[in-house]
Amino acid sequence: MNIAVIGTGYVGLTSGVCFAELGNQVICADIDEDKVNRLNQGIIPIYEPGLSELVVKNKCLNRIVFTTDAHYAIIQSDVIIIAVGTPSLPDGNVDLSGVHAVAKAIGQSINSYKVIVNKSTVPVGTADEVKRIIKQNMTDKSIEFDVASVPEFLKEGSAIEDFFHTDRVIIGIDSPRAEQILQELHKPLKTTVQTTDIRSAELIKYASNSFLAMKISFINEIANIAELVGADINEIAAGVGLDTRIGSKFLKAGIGFGGACFPKDTKGLLKIAENKGITFKLLQEVINVNKNQYQKVISKLEEAVDDLNAATIAMLGISFKPNTDDIREAPSLNIIKKLIAKYPAMKLKVYDPAAMELARKVLGDSVSYCQSIEEAVTKSDAMMIVTEWEEIVSFGLEKYKELLKRPIIVDGRNCFIPDEAEQLGISYYSIGRISGVTQ
Ligand SMILES: NC(=O)C1=CN([C@@H]2O[C@H](COP(=O)(O)OP(=O)(O)OC[C@H]3O[C@@H](n4cnc5c(N)ncnc54)[C@H](O)[C@@H]3O)[C@@H](O)[C@H]2O)C=CC1
Ligand SMILES: O=C(O)[C@H]1O[C@H](OP(=O)(O)OP(=O)(O)OC[C@H]2O[C@@H](n3ccc(=O)[nH]c3=O)[C@H](O)[C@@H]2O)[C@H](O)[C@@H](O)[C@@H]1O
């Protein structure tokens, strides 16, 4: 099948190259000239395991090309996937300007029957708007087209794995002709395909992300109770998760959810409801709990270190989760901002296996950047773990103890067992567990 993907970010690039890998001809278009130039040289603009190899392979096989020319991408293709960003506006509503711009471009360029697939996360009713904008901009009004909603469920850090082994494909559609094409396109994924009406598909995406966010805020609230009553949140999550009606995933307590999607999509759903006169109080609380959760590591650091203004603190992990360089809405940024404001003389040494370049752009010279865990931790008065990268966990408690000036670890991701830290003489503070403080 000939496919155009408009918007070559985390979703567009991943789905574009995965559809190419399945044997389709894919043209990826993006307005970011620099990104397209780099992709044409085989340079991948994001850190995503396995992505580079797949792009290089499919470029060599001439199954994927990158261009800034959306017109070219549109006229060459039978299926056009919209995968542009849909960030939050200051009032929490969703910024659809990118989606609208693509719809206009499709209307202006459409030359034959196309299926337009919206993969961006968009409020209910957007497919209708896309249809209207395309029609408005068509010169030959006799050309037929269909609009579908096929939301994306991949996670950053495991995007390729998630694409090929997704739990489900949701096809929101109102035309048998388009449905057949999209069934055919997704057939090689050998997964459950649910076809539904377009509006339900659009809402399935927000409901899914908000439900997962709710699980995280719920377990974080239980963690806060566990800490006060002397229980262990990891044990609790394991026990609760054994109930298959609840499930064991997304019950990891920590410093709250970040990233480009949960914070944006929970706010987005709140607005979708509000615009229909509904106050989604439960979701509002999910957001409220998350807003405070990052402060846990700060209060624990304050408890552990007397004079933070005179201290050198190592911070390990900046990305919003491991295996990505994405720092959008990362809890690390809030932690850093707050610590700097409260303790202007504190020396903050940061290290992340992949996100240093992006962090530098956002944080400037407000922190010291380190090339390695060793550099960050050596002679620091305490360290914080903010992202549970494998490199950071496998470094091991013994080595941390050896390098730190004072053996204090504030772990926002529960990477270690408190008793083991205590046995090594480390003052270990984690989330939802009794702190193994040694004097
Ligand atoms: N990042 C993720 O893990 C997931 C994201 N989503 C959703 O997918 C959508 C895209 O997200 P990301 O890939 O993270 O965004 P991104 O910000 O990484 O990429 C968006 C791309 O679209 C390009 N773009 C913007 N306007 C354009 C236009 N008019 N024409 C052509 N290109 C244009 C930008 O230059 C950028 O390269 C969002 O709605 C997001 O909520 C859904 C599932 C997973
Ligand atoms: O719409 C999207 O963009 C995507 O959003 C999330 O994917 P992603 O944001 O990449 O990453 P997650 O693994 O979901 O993690 C999100 C945040 O929640 C946190 N988290 C996750 C799981 C958990 O148990 N505890 C927890 O604190 C992570 O540290 C991270 O900050 C969803 O998991 C994807 O299904 C969805 O497609």
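Helix 1 (10–21) and helix 5 (97–109) each supply at least two residues of the shell around ligand 1, in a model that is predicted.

Me: How many residues surround ligand 1, and how do they divide into nonpolar, polar and charged?
Reply: Among the residues around ligand 1, the closest are Gly7, Gly9, Thr86, Ser120 and Thr121. The shell that they belong to counts 27 residues, and by class it divides into 13 nonpolar, nine polar and five charged.

Me: At which residues does UniProt place the feature "binding site", and how far apart are they in space?
Reply: The unreviewed UniProt entry places this feature at Asp30, Lys35, Thr86, Thr121, Glu156, Lys264 and Arg328. These positions are spread over 299 residues of sequence, and they are also spread in space, with C-alpha atoms separated by up to 23.8 Å.

Me: Is Lys264 buried or exposed?
Reply: Lys264, which the UniProt record includes under "binding site", lies in helix 11, spanning residues 262–274. Leaving aside residues up to four places away in sequence, Lys264 touches Pro87 and Ser88. A residue counts as buried if 20 or more other C-beta atoms lie within 10 Å of its own, and because Lys264 has 21 of them within that distance, Lys264 is buried.

Me: Is Arg328 buried or exposed?
Reply: Arg328 is placed in the loop between strand 9 (312–316) and helix 14 (331–342), where, not counting residues up to four places away in sequence, Arg328 touches Gly259, Ala260 and Phe320. Since 20 other C-beta atoms lie within 10 Å of its own, Arg328 is buried.

How values were computed
Residues are numbered from 1 along each chain as its sequence is written. Chains are lettered from A and ligands numbered from 1 in the order in which they are written. This is a predicted model: local features need pLDDT of at least 70, side-chain atom pairs count only at pLDDT 80 or more; totals for chains, interfaces and linings use all residues. UniProt positions are given in the numbering used here, feature names are shortened, and annotations may be inferred rather than shown by experiment. Helices (H or I, at least four residues) and strands (E, at least two) are DSSP runs, numbered from the N terminus. A residue is buried if 20 or more other C-beta atoms lie within 10 Å of its own, exposed if 12 or fewer, and partly exposed in between; C-beta atoms are placed from the backbone. Two residues are in contact if their C-beta atoms, placed from the backbone, lie within 7 Å. A residue is near a molecule or strand if its C-beta atom, placed from the backbone, lies within 6 Å of it. Ala, Val, Leu, Ile, Met, Phe, Trp, Tyr, Cys and Pro count as nonpolar, Asp, Glu, Lys and Arg as charged, and the others, Gly among them, as polar.
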